[in-house]
Amino acid sequence: MKNTMRTLLATALVLGVAAGPSVVPALASTAAGPTGESASATAVPAAALEAAVAGLPTADATAALVRVGGTDGVWRGSSGVHDLTTGRPADPAGRFRAGSVTKVFTAAVVLQLASEGALDLDRTARSYLPELIPASYAGVTVRQLLNHTHGIPAPGFPWTTVEGAYANRFLVHDPEDMVRSATAEKPEFPPGERQHYLNIGYTIAGLLIEHVTGDSYEDQVARRILRPLGLRDTYLPGANPRIVGPHNHGYQTMTLDDGTVGLRDVSVWGTTDGWAAGALVSTTADLERFTKALFRGRVVRGPLLEEMFTLPPVTDLGSGDPAAYSVGLSMKRLGGREVWGKTGGRWGYNTIIAATRDGSRTLVYSVNSTDAKGSDMTRIGLNLMTAAFGRP
């Protein structure tokens with residue numbers, strides 16, 4: 001499926017990080033009693049949550065939007081600035097790039113199709129897409145695409161640094177071309193034997209959705225999830241590199257044109273390289289509604305929901321640790337209990353949706369990190385996770 005470019009950014013705002021932004025941090029957080037819940041809000045660690053997002057902007061992040069919910073109570077907060085030029089307070093209802101949280105939506109659509117008999121998780125991807133998936137990957141099943149045990153490597157991209165990615169930010173990537181690039185390489189491991197978290201499985205999943213429905217991936221997500229749940233501020237942007245509607249600006253630390261290291265405004269950046277794995281735009285309110293509906297069985301119904309809460313019995317390719325990713329979600333033990341969710345990162349924006357399995361505590365945040373695609377979770381993100389759920 002090919003997309004056409006709609007708009008281009010003529011000039012990017014360049015700001016030096018060494019001098020620091022000359023703005024006053026804005027903190028506007030509230031700790032309220034439960035809205036429509038029957039539990040006391042005293043269980044929500046409001047002080048720790050406020051401390052986690054206080055003092056923005058810093059060298060690490062320019063804004064943070066947070067929602068904590070569930071039967072234990074409710075807390076909502078925002079900190080930082082809308083942009084470094086005006087220093088206006090961050091818009092708590094602003095849209096942002098949700099990155100790999102997109103995978104949860106994609107997985108949910110595939111599971112819905114499986115429940116309808118349109119897809120079989122145990123069938124091979126090649127049986128559906130024989131002209132695209134080569135014989136060298138004939139054994140990869142649909143389930144393995146979704147839980148990252150497929151062994152297909154990442155496609156090649158014409159950059160290796162953030163500066164290179166920025167220079168190519170308006171390239172439009174075709175999903176089928178990305179799959180051909182990936183499957184032209186040797187498998188990383190036999191399917192089902194290890195786990196390696198990559199986008200490519202979800203790129204193929206998006207193409208499977210289109211193949212079995214005869215409809216676009218974007219329309220299927222909208223018809224099956226966005227419209228039924230009333231997620232009016234969530235959309236898939238296609239080839240449009242701009243965030244439509246109110247949003248806080250994202251910034252990325254990189255080498256600037258004059259050779260110094262500083263911040264660029266990266267709010268306008270194409271996401272076709274992510275597509276069904278990472279292109280979603282949303283808000284914290286919409287993602288909170290989606291998370292609650294998902295965990296309550298209103299998005300994926302019946303036994304197939306358990307696919308999202310079942311880790312494959314394999315080890316991670318890089319670390320040798322037990323698998324951490326299920327179909328669409330991942331799991332960590334925090335505060336002595338399982339916390340399921342998904343992180344996402346696009347340049348300028350870090351996102352998470354997370355919840356305990358019983359829904360007693362949910363967390364959604366967007367942090368405008370200045371190194372949003374770094375290898376480690378941001379300090380703010382770690383502090384928010386710990387405040388919401390407890391320590392590992």
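Predicted model: local features only at pLDDT ≥ 70, side-chain atom pairs only at ≥ 80, totals over all residues.
Local features need pLDDT of at least 70, side-chain atom pairs count only at pLDDT 80 or more, and totals for chains, interfaces and linings use all residues. Residues are numbered from 1 along each chain as its sequence is written, and side-chain values use heavy atoms, with hydrogens and water left out.

Strand β3 spans residues 61-69. Strands (E, at least two residues) and helices (H or I, at least four) are DSSP runs, numbered from the N terminus. Nine of the nine residues in β3 are buried, that is, under 20% relative accessible area (1.4 Å probe, protein chains only). β3 pairs with strand β14 (residues 362-369) in the antiparallel sense, over seven bridges. Pairing requires at least two DSSP bridges between two strands. Ala64 stands opposite Val367 in β14.

β3 also pairs with β4 (residues 74-80), again antiparallel, over six bridges. Here Ala64 faces Ser79, and Ala63 has Gly80 as its bridge partner. β4 is mostly covered, with six of its seven residues buried.

On the surface, Arg232, Arg289, Arg296, Arg298 and Arg301 gather in a patch of positive charge. Patch residues have over 30% relative accessible area and no salt bridge (a Lys or Arg side-chain nitrogen within 4 Å of an Asp or Glu carboxyl oxygen). Like charges are joined within 9 Å, with the place of an Arg charge taken as CZ. Arg298 lies in the loop between α9 (284-295) and β10 (315-316). Its relative accessible area is 42%, so Arg298 is partly exposed, a class between 20% and 50%.

Conventions: Patch = residues over 30% accessible without salt bridge, like charges linked within 9 Å, V, L, I, M, F, W, Y side chains within 5 Å. Areas by Shrake-Rupley, 256 points an atom, 1.4 Å probe, with all protein chains shown as cover. Lys, Arg positive; Asp, Glu negative; His and termini not counted.
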